[in-house]
2 protein chains.
Amino acid sequence: MKKIFEKEKLVKKSEDFAKWYQDVILQSGLADYAPVKGCMVFKPQGFAIWENIQKVLDQKFKEKGVKNAYFPLFIPEKFLKREKEHIEGFSPELAVVTIGGGEELKEKLVVRPTSETIIYEMFSKWIKSWRDLPLMLNQWCNVVRWEMRPRLFLRTTEFLWQEGHTVHGTQEENLEMVNWALENYVNVYRDFFAIDGIWGKKSEREKFPGARTTYTFEMLMPDGKALQGCTSHNLGQNFAKVFNLKFLDKDGKEKIPWQTCWGLSTRSIGALIMVHGDDQGLILPPKLAPAQIVIIPIFQGKEDDKNLIKKAEEIKKSLDSFRVEIDLREGHSVGWKFNEWELRGVPLRLELGQKELKEKKATLVRRDTGEKSLAPFSSLAKEVKEALDLIQKNLFLKSSRFMKENTREVSDYDAFKLIMKKEKGFIRAFWCENPDCEAKLKEETKATVRALPFDAEEEKGKCIYCQEPAEKKWVFAQTY
Amino acid sequence: MKKIFEKEKLVKKSEDFAKWYQDVILQSGLADYAPVKGCMVFKPQGFAIWENIQKVLDQKFKEKGVKNAYFPLFIPEKFLKREKEHIEGFSPELAVVTIGGGEELKEKLVVRPTSETIIYEMFSKWIKSWRDLPLMLNQWCNVVRWEMRPRLFLRTTEFLWQEGHTVHGTQEENLEMVNWALENYVNVYRDFFAIDGIWGKKSEREKFPGARTTYTFEMLMPDGKALQGCTSHNLGQNFAKVFNLKFLDKDGKEKIPWQTCWGLSTRSIGALIMVHGDDQGLILPPKLAPAQIVIIPIFQGKEDDKNLIKKAEEIKKSLDSFRVEIDLREGHSVGWKFNEWELRGVPLRLELGQKELKEKKATLVRRDTGEKSLAPFSSLAKEVKEALDLIQKNLFLKSSRFMKENTREVSDYDAFKLIMKKEKGFIRAFWCENPDCEAKLKEETKATVRALPFDAEEEKGKCIYCQEPAEKKWVFAQTY
């Protein structure tokens, strides 16, 4: 709160994007640095956004029949080692407990970086017959991946996420699930986060360690870099074989089941901040904003102020299907309050002064456009709903437009290099799918293969890097 | 599921309580042992109970103005050492990370056993003036306390809980908060868990390491041992001084604030299982049961079965304000299904056969009493609500009666010893408040001081142990 009081001026988003990002988080009270290397603290404002994300996803998981469970934080090191790619992928990032209850442990325990190994060890005990399938579980938890260059929300040693893990009797059902999981994320990003992006398959090099195929939703940040929003993995039978998962099918035969896993983390809040915010601070999409409307009575220090307070509370009550706050704090100017709620990104401001009281209308101010309008008290709920819907839509359209304007088809490698040096953004280009080209391209341009979009057509072309024949245009970008 | 299929017979609760407790958890699918020493897995049935507990508490916290936040899992060892009693209390139970990102850490990190130290370090940065108070935060998280003799839900190395932490400008406000927190827990235990208990103050020896006073809700388990249901701590200014919390008050003076903290954990589910269950399995109070009603169509393998399914689904829809499951599984006898849902503790069974269809009435069977009744389809929602209310009440009254019947006033130490050897239960007895008597009494009878009940009157008596003058009757019991 001190910070806000002595309000530091926020640096312009266009002038110093990295500093803007950090400062807008600290000043708006979303989060703070923790006194533990690489870790962060979620302050109530920031955590409330995560709670709203949780609510949306949790409901969708449950509608699909996925149930919540909880597996241990600690994983015996030997479990992780069972799947070779998996341990190689994660071992540089592990936090390891070596002392427990005052004694050196005989077997070291890894703090989960992800939970496949411990969960599938349990699945191998639980699954016996086709009657036990599909098994569809999810857990909301903290995970730890050691981070040397932390950034609030985007890269922290500990973060929060959900990880879904499903087991199916047939490959078809498994594919349906892995697609459902991705589609669900895509819908949530577009409809709730109001962020557009591209979705598709990862390259072999970029896929999850141990997965058969990884699917992703990639969003474009204002600095032209991509952010991976989630992943949905088709694990095939790979982990099932390693963890000895088997089931007796209806035909009396013992079979190996198929698996998926998929996750979305608090990293997503980083995208939300970057994509929508402006020089005044955060802009939160109404569907995820902790407060959707702030009512600010315009006090004049007179007896009349009481009427304003009474009316403000009346209005709040009449808007009970929305998340509403009233700012009754004394000792702050109206201008100061306007600035503070803009910094915090509340989508809609409702101003209430003596003029409004007399005219029986409230002044509504949109955070995204600054547009003002007068709404009669008698139809406030309707007008507020319309305004919030418009804001939600407008934010998405802006994000969508930005992505389109910054997605370029390129066939010439020099042009590719130049774009990655200057404006960045997404590049759609032919790639021969040779990992060597991918590696060299990354070395020379810092861009990685983000995804093969689902809508990529079969074409004939030449690899952007080696000029060998290629069949599909992949999406490239520098990345967070 | 395999377990249920080859249904092992559940041992009788009265014959082998400890084995019954373990087996009912495993067989009903609440939880499983994890392949990590001291840890457990929350299966969907068990986790759903925790979700219901979370929903209730979270709403009550928010109504009080407490906001959710999230602080790091890892705490630098030096933080814990700042408060002497605190580190002494927790150090035998700590799990310590010594390796991070492949390297030996210079500063060891403790996996949080509780979060006072890391949270108050942050509070000291955030709190500057009276305007920042009260600061009332809560976090839902996992904590780790190394456990040598684990028992599912009751004692596990990792468990889930909420921890509330509040800071106030005055001692009065602080006391109000610490009382509110306890009262809230008491109400939730009584109204939702349907478990009665006694509430009051802990002895000096039993209080939280670093607290000024600890308050508790103590419940009596069927084997006559007590279980501590939660704690609410008045921290006074103790941690505030250690962590350098200060605020500028309205009068312009710098002051030290007052603090509380309070928590309730997944241990509470252990109480729920023990208190209500019977020889057939779990009995879940309707307000916390994942499924409140199970509809079992009684199939006869004929074309008519289709009508039953249709009606069952119609009924489910008409009961949409309840949590309802329909058991349509084939290949199981009706008797088998009845047993299985009894094992799982679903409060109300709705049987639907051709007879019911004809008479336009459903058969309702209460899990707690086995009582059957016929409820007309036309007033099903009303009848179901009444039945669930009755079950909820009955379970509470049973628990309350059990506690009363097993709470004894004792003034003679030999009688005390005999009771603690045989029937156990709560004993109300005078105690001089000398820790030596408390220690010796524990050594000789395994009973500890559970609480000074809030309703304890000022009386004149003699200490049950040393016969010195004593003023209040405390409650003693052996404990989990």
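1. Let's start with strand S9 (residues 198–201) of chain A, which pairs with strand S10 (residues 213–220) of chain A in the antiparallel sense over 4 bridges. Strands here are DSSP runs of E, at least two residues long, and helices are runs of H or I, at least four, numbered from the N terminus. A pair of strands counts if DSSP finds at least two bridges between them. S9(A) also pairs with strand S22 (residues 448–453) of chain A, again antiparallel, over 2 bridges. A:Lys201 turns up in both pairings: its bridge partner in S10(A) is A:Tyr215, and in S22(A) A:Leu452 stands opposite.

2. A word on what you're looking at: this is a predicted model, where local features need pLDDT of at least 70, side-chain atom pairs count only at pLDDT 80 or more, and totals for chains, interfaces and linings use all residues. Residues are numbered from 1 along each chain as its sequence is written, while chains are lettered from A and ligands numbered from 1 in the order in which they are written.

3. Then the contact between the chains, which takes 46 residues from chain A and 47 residues from chain B. Contact means that the C-beta atoms of two residues, placed from the backbone, lie within 7 Å. Strand S5 (residues 95–100) of chain A gives the most to chain A's side, with 6 residues. By class, that side has 29 nonpolar, 6 polar and 11 charged residues. For the classes, Ala, Val, Leu, Ile, Met, Phe, Trp, Tyr, Cys and Pro are nonpolar, Asp, Glu, Lys and Arg are charged, and the others, Gly among them, are polar.

4. Which strand of chain B does S5(A) join? Strand S5 (residues 95–100) of chain B, running antiparallel, over 5 bridges. Within that pairing, A:Val96 stands opposite B:Ile99. Inside chain A, 4 bridges join S5(A) to strand S6 (residues 103–111), also antiparallel, and A:Val97 has A:Leu109 as its bridge partner there.

5. Put together, this gives an open sheet of 6 strands with antiparallel pairing, in the order S4(A)-S6(A)-S5(A)-S5(B)-S6(B)-S4(B). Strand S4 (74–76) of chain A and strand S4 (74–76) of chain B are the edge strands, each pairing on one side only. The twist averages 45° from one strand to the next; axes are lines fitted to C-alpha atoms, for helices over the stretch in contact, with angles from 0 to 180 degrees between N-to-C directions.

6. Chain B has an open sheet of 5 strands worth a look, with mixed pairing and the order S16-S15-S17-S18-S19. Strand S16 (324–326) and strand S19 (372–376) of chain B have a single partner strand each, so one side of each has no neighbour in the sheet. On average, neighbouring strands are turned by 25° against each other, direction ignored. Strand S17 (residues 348–352) and strand S18 (residues 361–366) of chain B pair antiparallel over 4 bridges, with B:Leu348 partnered by B:Arg366. Helix H13 (residues 380–405) of chain B lies across S15 (293–297), S17, S18 and S19, at about 10° to S18(B).

7. Finally, the loop between helix H9 (267–276) and strand S15 (293–297) of chain A, where A:Gly277 lies. Is A:Gly277 buried or exposed? Buried, with 23 other C-beta atoms within 10 Å; the cut-offs are 20 or more for buried, 12 or fewer for exposed, and partly exposed in between, with C-beta atoms placed from the backbone. Not counting residues up to four places away in sequence, A:Gly277 touches A:Lys13, A:Val24, A:Leu282 and A:Ile283.

8. A:Lys287 is found in the loop between H9 and S15 too, and is buried with 20 other C-beta atoms within 10 Å. Leaving aside neighbours within four places in sequence, A:Lys287 is in contact with A:Phe192 and A:Gln392.
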